Amino acid sequence: MSNEKQVDSGRRGLLVATCAAGGVAGLAATGAFVSTFQPSERAKAAGAPVEVDIAGLAPGQMTTVEWRGKPVWILKRSPEMLESLKKVEGQVADPKSERNPDELTPEYARNEHRSIKPEVLVAVGICSHLGCSPITKFQQGAQPSLPDDWAGGFLCPCHGSTFDLAGRVYKNKPAPDNLQVPRHMYVGDTKLVIGKDEKGEA
């Protein structure tokens, strides 16, 4: 008789412990599920303009920031890099950024540099062909997958599209358009805001 009571109380204790553990797990799962309805701080920031200080960027260097889930390149071009833009103007498909200007190139970047300040390129690092991310090929001269007279720029590893140091696509390549220049503006000599300009947010 006493053995039965011990077994019953043991089962009761196990049942209580199991229910308690299940309840805690259920509450945790519910909390996690409910929290998915609220955007994270990162998600909130993904659509907002991004401020970048480029004071430490030396000529020939590039940094990448994330804006709306996309890589945005900020390249500080050296005098040699700027000079190369003139040399390749006849080789690029859209030298004056006239194709899809409203989508790809704000008015203040429709120039040979595709930028507000000639030495600073701001471009979305996504190929206009199928959305791959091009790689940097700043070194001039012959290299694998590049012409012998390569002046420096970007190479899309997916299908071989090439872009100059202003993000302009070369002729006869799969990419139909230049790299996108997002809306941006300077809020100081070395501070950039990506995703916003004097006309408002992108």
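The model is predicted: local features need pLDDT of at least 70, side-chain atom pairs count only at pLDDT 80 or more, and totals for chains, interfaces and linings use all residues. Residues are numbered from 1 along each chain as its sequence is written, and side-chain values use heavy atoms, without hydrogens and water.

**Whole chain.** Show the cartoon. There are four helices and eleven strands (DSSP runs: H or I of at least four residues, E of at least two, numbered from the N terminus). Of the 202 residues, 35% are buried (under 20% relative accessible area; exposed is over 50%, partly exposed in between; 1.4 Å probe, protein chains only).

**Main core.** Select Leu75, Phe154 and Phe163. They have the most contacts inside the largest nonpolar core, which has 17 residues (buried Ala, Val, Leu, Ile, Met, Phe, Trp, Tyr and Cys joined through side-chain atoms within 4.5 Å). Strand S3 (70-76), helix H3 (79-87) and strand S4 (120-124) each give two or more residues. H3 supplies the largest share, three residues.

**Second core.** Select Val50, Leu57, Tyr186 and Ile194. They are among the 14 residues of a separate core.

**Cysteines.** Select Cys132 and Cys158. They form a disulfide, with sulfur atoms 2.0 Å apart (cut-off: within 2.5 Å). The S-S torsion is about -105°, so the disulfide is left-handed. Cys132 lies in the loop between S4 and strand S5 (135-137), and Cys158 in the loop between strand S6 (153-155) and strand S7 (162-163). Cys132 is buried at 18% relative accessibility; Cys158 is partly exposed at 39%.

Now select Cys127 and Cys156. Their sulfurs are 3.9 Å apart, too far for a bond.
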